[in-house]
Amino acid sequence: MTEPTLSLALSHHRAGRLAEALGIYQALLAENPVDPVTLGYCGLALLQGGSVDAAITILGQSVSLAPDRVEARLHYATALATGGSDDAAVQAFRQVLILEPSLGMALFNAAQVHDRRGDTPCACSLLLWGSVVRPGDIATWDLLGAVERKAGRLQASEEALLRALSLDPERALTRFHLGLLRADQGRKGEAEAAFRAALTSDPKMVEAATNLANLIRVDGRRGEARDILKAAIGEDRTYARAWSALAAVESDDEQPIAALEAADAALALDPRNHEAHGNRAQALDRLARRDEAIAAGRAAIDLSPDDSVLHNNLATYLLAAGRLEQGWDAYRWREKAPGLQPNTGLPDRRWTAWEPPGKRLLLVAEQGLGDEIMFATCLPDVMPFLANGRLDAVVVECDRRLIPLYERSFPGVTAVARLHSRDRTPAPADYSRYCARFDIDCWCLVGDLPRIFRQSVDAFPQGPSPFVAKTERVAQWRNHREQSNAERRIGIAWRSKAGRERGEGMYPDIRDLIPLLEIHGVELVSLQYDDPAPDLRRFEDATDHHVIQPPGLDTMNDLEGVIALAATLDAVVTARTSVMYLAGVAGVPCHVPSRGLPWHALGTGQLPWFPSVTLHERQAGQDWAASMREIAIALGA
């Protein structure tokens, strides 16, 4: 029988025969339990075999017996890191680097631990030195690129990742990190290509699949995203983020029950996954289980307290439940939305009504056209401050198309064209010019007015619309109507330009409006504001009913004309688009089929902002045509 020797054990160890190597190491240690070299190799074999706790014990003994053995210290630090003892691992790696400052493996492993702990500066420093020590090490460049991205240094990240790719163009992890970088840079096409390249290199890389699915889901490609995620889950059913991403897809696709099941599956795997809690909250909100949605939203925030998206979502759940005081407080988080940079040139003083310093107020516009109009219904609450002298001037920023309407409806208020765009990541605006021109000394976001004046639904006025349509334009459209023999004229709009990609979950097909023709003596008038002609042809081919396109009216840009036309109609039927708000401005009865009740309803079945607007909640599984038939009955079919 061959006598066990350290050289024989090392031969087995190097060949990957860990069991044989461990047997010999343990036999040698039975004869000499304080041999630091044998203890070191035995601990390494245990670590490589997955016996982390035993490895930590054995390697700790080796380090105690021979403190100057760098190799054993490195393996001990690595074992501590593998076992999740990050604080101890940091100290152990520090001792290794004191002995051998240029040990590339120690620099890399220590950087991994610092990165995991969120200590990005230290991780970067270690990796930068590691890249000097081992300029040909792909893993060092790759991790440096990932850490620089987390630190927000996107150019440095790109340089490191491209260096890694130059060493190995097929490396899946580097391609994945490049995809994350491109997504952060807003280069969505390149991000998608990078994630797909990562999957080509490693088809089982569920992290790349999950990020790819999240990316294309935002583009409205829900079916494709679902297929990618289900394939990823098939590869690894224990990856919680894939389940959470699937929950987001199902929620977007108006499948809240499936979304809830996927979110619950994610949380069963990882109860501390804040994204899964957030997606679960979204599904519960879609199911109108408001209190549960609020609880899930708060659970997500507990795990990620600085996530503005989670706070903003919680605000909508609270507002949808009619809990306005809490909801408006949470709604302030919208100012911290990802990628949203603060505006400049504004005075230091924020106006709150109950803290009156400041006499010349600028109301800053935000979000989309519908939100602008909705929040402007609070302007009558501001005007008494002008009348009693607590304010000397009120300047409101708004869409250029609304300026005449605002100044006609709210005498004494000055309206100016909004400076910033309404896209999802608007660039900051410089308000210096407006502040100098009007001698502004205080300001307020227009979306903060409800927090000041509308702390309960009872605070919303129930009278007619506060807006005043242009009299001569109304007379023009009344004259146009008199040329028709129709008993009922109903305006229609069926989709939002900005939300086309969200598909049938949010917007009907125009042919779903056919039940409106059951209304006796009806004539339909298109208020759709972006090239409705193809849709109208399909409707007319299916019904032989000619939908009126208002002659000479630019429904996209002439909002005054749309409001005046709406004021002459018997009713408006629209999906949840800006037409809903314009009909509310006109004060005309407006009926809106809605997938669930939006937060703007504030726990009611109406829009408290516009008493003439009625929401018709679509039940689970109910198709659009059935919802339109209910509206037709309500209108007296």
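**Figure 1. Helices α15 and α17 pack roughly parallel to each other.** In this predicted model, the axes of helix α15 (residues 240-252) and helix α17 (residues 274-286) come within 9 Å and cross at roughly 25°. Axes are lines fitted to C-alpha atoms, for helices over the stretch in contact, and angles run from 0 to 180 degrees between N-to-C directions. Helices are DSSP runs of H or I with at least four residues, strands are runs of E with at least two, and both are numbered from the N terminus. The crossing angle therefore makes α15 roughly parallel to α17 (under 35 degrees is roughly parallel, over 145 roughly antiparallel, 65 to 115 roughly perpendicular and the rest oblique). The crossing is left-handed, that is, the near helix is turned anticlockwise from the far one by less than a right angle. From α15, R241, S244, A247, A248, S251 and D252 take part in the contact, and from α17, E275, A276, N279, Q282, A283 and R286; contact means heavy atoms within 4.5 Å. These residues divide into 4 nonpolar, 4 polar and 4 charged (Ala, Val, Leu, Ile, Met, Phe, Trp, Tyr, Cys and Pro count as nonpolar, Asp, Glu, Lys and Arg as charged, and the others, Gly among them, as polar).

**Figure 2. Helices α13 and α14 pack roughly antiparallel.** Helix α13 (residues 206-218) and helix α14 (residues 222-235) have axes that come within 8 Å and cross at roughly 165°. Their crossing is left-handed. Contact residues of α13 are V206, A209, T210, L212, A213, I216 and R217, while α14 contributes E224, A225, I228, L229, A232 and E235. By class, the contact holds 9 nonpolar, 1 polar and 3 charged residues.

**Figure 3. An open sheet of 4 strands shows parallel pairing.** The strand order is β3-β2-β1-β4, where two strands pair if DSSP finds at least two bridges between them. β3 (413-417) and β4 (442-445) stand at the edges with a single partner strand each, so one side of each has no neighbour in the sheet. From one strand to the next, the twist averages 25°.

**Figure 4. Strands β1 and β2 run parallel, and helix α22 packs on the sheet.** Strand β1 (residues 360-364) is joined to strand β2 (residues 393-398) by 4 bridges. L361 has V394 of β2 as its bridge partner. Helix α22 (residues 379-387) touches β1, β2 and β3, and its direction makes about 155° with that of β2.

**Notes.** Residues are numbered from 1 along each chain as its sequence is written, and side-chain values use heavy atoms, with hydrogens and water left out. In this predicted model, local features need pLDDT of at least 70 and side-chain atom pairs count only at pLDDT 80 or more, whereas totals for chains, interfaces and linings use all residues.
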